[in-house]
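Please consult the sequence and the model alongside the text.

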Amino acid sequence: MAQSRKIGVFGAGWVGLVTGACFAELGHEVIVRDVMPDRIDALRAGQAPFHEADLPEVLERNRDRIRYTLDADELADADVLFICVQTPPTYSGDADLSFVWSALDDLPRGESGRQVLVMKSTVPVGTGEKVRAALDGRGLTNVGYVSNPEFLAEGHAVHDFLNPDRIVIGAFADEDGAAVEALYGGIEAPVLRTDVASAEMIKLAANAFLMTRISFINEIANVCEAVGADVVEVAKGVGLDHRLGPHFLRAGIGYGGSCFPKDSLALKQLASNSGYHFHLLSAVIEVNELQKRRVVQKLQKHLGKLRGKKIALLGLAFKAGTDDMREAPSLVLASRLLAEGAEVRAWDPVARPGDLMKGAVLYDSVLEAVEGADAAVIVTEWDELRGLASKDVRDAMARPLILDGRNLLDPAETRAAGFAYEGIGRPSSPFEALPETAEPETRVQN
Ligand SMILES: NC(=O)c1ccc[n+]([C@@H]2O[C@H](COP(=O)([O-])OP(=O)(O)OC[C@H]3O[C@@H](n4cnc5c(N)ncnc54)[C@H](O)[C@@H]3O)[C@@H](O)[C@H]2O)c1
């Protein structure tokens, strides 16, 4: 068990709230500050502001050790201050650090002893140097600076925080690194103590590597489609090689979310700002963009022109287990389909797109979403969709076509249930191959 310290957290988003909750779970006193009054009110009323497994329980279990505030001054007596604010991309693709700088402007001036400021937000390499200089410029030489990037993944963020593969701590001064390491007492994980710039780069490089694997297997999937192999089998065989491993080798409709797209762009720009053209990463990003759009071509292959066709998008969150729709492939798909004149019917168990998906109609159940649909597209790998190839769904649809963007279903079983099935990187079946369904009549005028 770690010695209990006072921890202040800037930002009650996915990273800030999970960080606060988990440090409280480890026995520390935590105060979380956000600038959104609604968010703070909800948290004080015991409500988690977004869908994240285990988070409500951990917050509830530790409610005596965690407080919420809008007032940064209430963090003045914290021993360690974590910056967990958003770092979205700017128009140029660089990371927008304005939220980080505004949090730094709000830094309370602690009266007692040394405070350590810890950057958990994902920032470009060199940010630590700049923040250090700014702190020194403001006379805050007694505030230490540590880079401690976060690797949690939404959907199992609490588990990831408490069971990390590693804890990376980059510090200018050893004593500050040691103070941050001590906070994690009680967690079994290798700790990598390093310099600030390398810690910053580890986060960007790790994400870029994961994205590279995704784009790589997606390209293999596209070649599989052309030559008649099944990427699911291929990935299995490749992943059994101990030098490669099985992770992040699932072909699909491309990555999304609040981190991968922006972090890949930020690293690409970071490199090019320094005069280096990161060719491989540029290709990874482009492959991902094309991958999202291939679904539209596949629909056209089966349905012809999409004008007036009803397409059900099943799953809107960028992945299962979260209601986060930031940079979700569903957004690109919906807008491409609407642009083609299709009618978009959508369903998700938790994600609510609001204005993000203007023109699409949201339904409460899968069955309502597929009613009269010419195709159903699995966009998010929700467990609820594993039973999609049912008689009810088949009867409800105008044409029994399933485009499985996550390779969630068994192709043979789906076809045996009377659907035309097309996955990603797997042999597809045209309507003619359906066991008992005639070629559908064309109901729609183009
Ligand atoms: N979401 C993830 O899965 C994940 C994983 C690892 C790292 N990260 C990185 O962590 C950072 C935060 O990501 P997130 O998903 O938690 O973002 P988020 O948008 O969910 O949350 C950020 C929060 O910070 C608040 N905020 C903004 N300015 C503030 C200020 N001055 N003081 C206090 N609060 C302020 C916002 O109101 C918001 O609630 C980003 O840099 C992200 O790249 C995210």
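## A helix across the sheet

Helix α5 (residues 127-137) lies across β5 (115-119) and β6 (143-147), running at about 170 degrees to β6. Helices (H or I, at least four residues) and strands (E, at least two) are DSSP runs, numbered from the N terminus. Axes are lines fitted to C-alpha atoms, for helices over the stretch in contact, with angles from 0 to 180 degrees between N-to-C directions; two residues are in contact if their C-beta atoms, placed from the backbone, lie within 7 Å.

The model is predicted: local features need pLDDT of at least 70, side-chain atom pairs count only at pLDDT 80 or more, and totals for chains, interfaces and linings use all residues. Residues are numbered from 1 along each chain as its sequence is written.

## The sheet

Eight strands form an open sheet with mixed pairing, in the order β3-β2-β1-β4-β5-β6-β7-β8; strands pair if DSSP finds at least two bridges between them. At the edges stand β3 (66-69) and β8 (191-194), each with a single partner strand, so one side of each has no neighbour in the sheet. From one strand to the next, the twist averages 25 degrees.

Strand β1 (residues 6-10) pairs with β4 (residues 80-83) in the parallel sense over four bridges. Phe82 in β4 is the bridge partner of Val9.

## Overall form

The protein chain contains 15 helices and 14 strands. Its C-alpha trace spans about 80 × 50 × 40 Å along its principal axes.
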